[in-house]
Amino acid sequence: MEQSVGSCCGERNFEIALGVVKQRFGDRFQAGLSIREQHGHTTTWIENQIPDAVVFATDKHDVKDVIKICADYRVPVIPYGTGTSLEGHVNAPFGGISVDVSQMNSILDVYAEDMQVVVQPGVTRDDLNVHLRNQGLFFPIDPGANASLGGMTATRASGTNAVRYGTMKDNVIALEAVMANGSIIRTARRAKKSSAGYDLTRLMVGSEGTLGLITEVTLKLHGIPESISAVVCSFPSVDAACQVTMQAIQYGLPIARIELLDIATVRAINAYSKLNLPEDVLLLLEFHGTKSGVDEQVDLFQHLAEEMGGHGYESATTTEDRTRLWKGRHDAYWAILAMYPGKQAMVTDVCVPISRLAECVTAAQEKLTELNLSGTIAGHVGDGNFHTALLVDLSDSDECSRARHYVGWLNDLAISMDGTCTGEHGVGQGKISYLKSELGLATDFMLAVKKAFDPHNILNPGKILQ
């Protein structure tokens, strides 16, 4: 059922607030049902909760004006980039106004000598890398979907390159944001390091729009490697693949990417992406560096893999072949859906210390069988992060119940291993109930920060904290 803000926020007059916003933005204010449903939709099993209206912002002053009006009338504001989040981040459980920043898509400044770039939040990672290509630079964070950089910052995204290049928290230098009272702040300058005051940049990165709406991001760039080689290698079991991963990391191999795909995932992407990968547990890797350095890394990894029963070892060095392999990996979500027509994917992620990875992934597979659930496992195993995609018929209440039980069990398992209930998807709505068990009293101090930054709870309410 659609829940309007007015019904849960006392005497606040939403109609007046919406009228003021509509007058300010004209055609960029949209209240049609289809556009509202689109902005409440996420690629998730969580119920679509639509906003009362959508505003298409074109600059920080638009964002400021929306927030100031909404602050006056206590109307929720929900940021929206590309809608690729997986835990209900863009839903509007209390109604309100969705601020779509997709038109804030300018690359403002490239500081090639400093290896930095300043972008508006609606710029996507693909667009940025196309723009940078001729300068020998690239932005490495690759969550799979062509997400907006503002959204990636807000959710502290990572992805396939995180094992070498880190996550968004490691690659955001500074940001600009509009706060709950309409103030525009900048969290840092462009210096490579600073000891000046509280680290508001890191506080805002991963705050999921609950502390402020990001309007500009300064990012760290990297040089395009001289040589890149992609490698695929099959293994007799998930445990063997995870053991090789741990050995490679502990050995100090500077792997750029290392992805695990279970047999079901490999079958799905073979069919969907027209690949011919061996239908066994697979590791898909990429090495960056000089030609001699990459060759040495590839040979060393092959030696480690063979000791654990690795077979079908192949490398791809041409851009075309590497792109084809990684496209298959990024198509995994759609490939899995295509294999299970009529079912919805419930995708969840956890992250554990790499020493517990094999144990956790093996237990996750066994639990799928125990609960008689269809599912696949793939992940960024170089940093202990993996994803389970459960394929569920949403009209089957028993299957849905078993799937939800599985997600809860997996979150609890990861936390019991001194891991986390989410390595990169964020908390959103879907993981609120697990945050307390993971962090304990620390969540009380998070709530104190939220209240200090947003005393009337208008910024993306119902996310991260109750």
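A: Start with one side chain. Trp334 has a relative accessible area of 45%, so Trp334 counts as partly exposed. Keep in mind that this is a predicted model.

Q: How do I describe a pair of aromatic rings?

A: Give the distance of the centres and the angle of the planes. This structure holds four aromatic pairs. One of them joins Tyr333 and Trp334. Their centres are 4.8 Å apart, with 85 degrees between the planes. That pair is edge-to-face.

Q: What kind of pair do Tyr406 and Trp409 form?

A: Their ring centres lie 5.7 Å apart and the planes meet at 45 degrees, so the pair is tilted. Both residues belong to helix α16 (residues 397-416). They are three residues apart, about one turn of the helix.

Q: Is Tyr406 buried or exposed?

A: Tyr406 is buried, at a relative accessible area of 0%. Trp409 is partly exposed, at 22%. The cut-off for buried is under 20%.

Q: Which ring does the charged end of Arg190 sit over?

A: The ring of Tyr111, at 3.5 Å from its centre. Look also at Arg257: its charged end sits over the ring of Trp326, 4.3 Å from the centre.

Q: Where do nonpolar side chains tend to be in soluble globular proteins?

A: They tend to be buried together. Here the largest nonpolar core has 49 residues. Phe386 is among those with the most contacts inside that core, and so is Leu260. A second, separate core has 26 residues, including Phe29 and Leu459.

Q: Which residue stands opposite Phe386?

A: Val350 does, with Phe386 in β18. Strand β18 (residues 385-392) pairs with β16 in the antiparallel sense, over eight bridges. Seven of the eight residues of β16 (residues 344-351) are buried, so the rest of the structure largely encloses this strand.

Q: What is the order of the strands in the open sheet of five?

A: Read it as β5-β6-β10-β8-β9, with antiparallel pairing. The edge strands are β5 (107-111) and β9 (184-186), and each pairs on one side only. From one strand to the next, the twist averages 10 degrees.

Methods
Residues are numbered from 1 along each chain as its sequence is written. This is a predicted model: local features need pLDDT of at least 70, side-chain atom pairs count only at pLDDT 80 or more; totals for chains, interfaces and linings use all residues. Side-chain values use heavy atoms; hydrogens and water are left out. Rings of Phe, Tyr and Trp (its six-membered ring) pair if their centres lie within 6.5 Å; planes under 30 degrees apart count as stacked, over 60 as edge-to-face and the rest as tilted. Buried means under 20% relative accessible area, exposed over 50%, partly exposed in between (1.4 Å probe, protein chains only). Helices (H or I, at least four residues) and strands (E, at least two) are DSSP runs, numbered from the N terminus. A charge sits over a ring if NZ of Lys or CZ of Arg is within 6 Å of the ring centre and within 35 degrees of the ring normal. A nonpolar core is a set of buried Ala, Val, Leu, Ile, Met, Phe, Trp, Tyr and Cys residues joined through side-chain atoms within 4.5 Å. Two strands pair if DSSP finds at least two bridges between them. Axes are lines fitted to C-alpha atoms, for helices over the stretch in contact, and angles run from 0 to 180 degrees between N-to-C directions.
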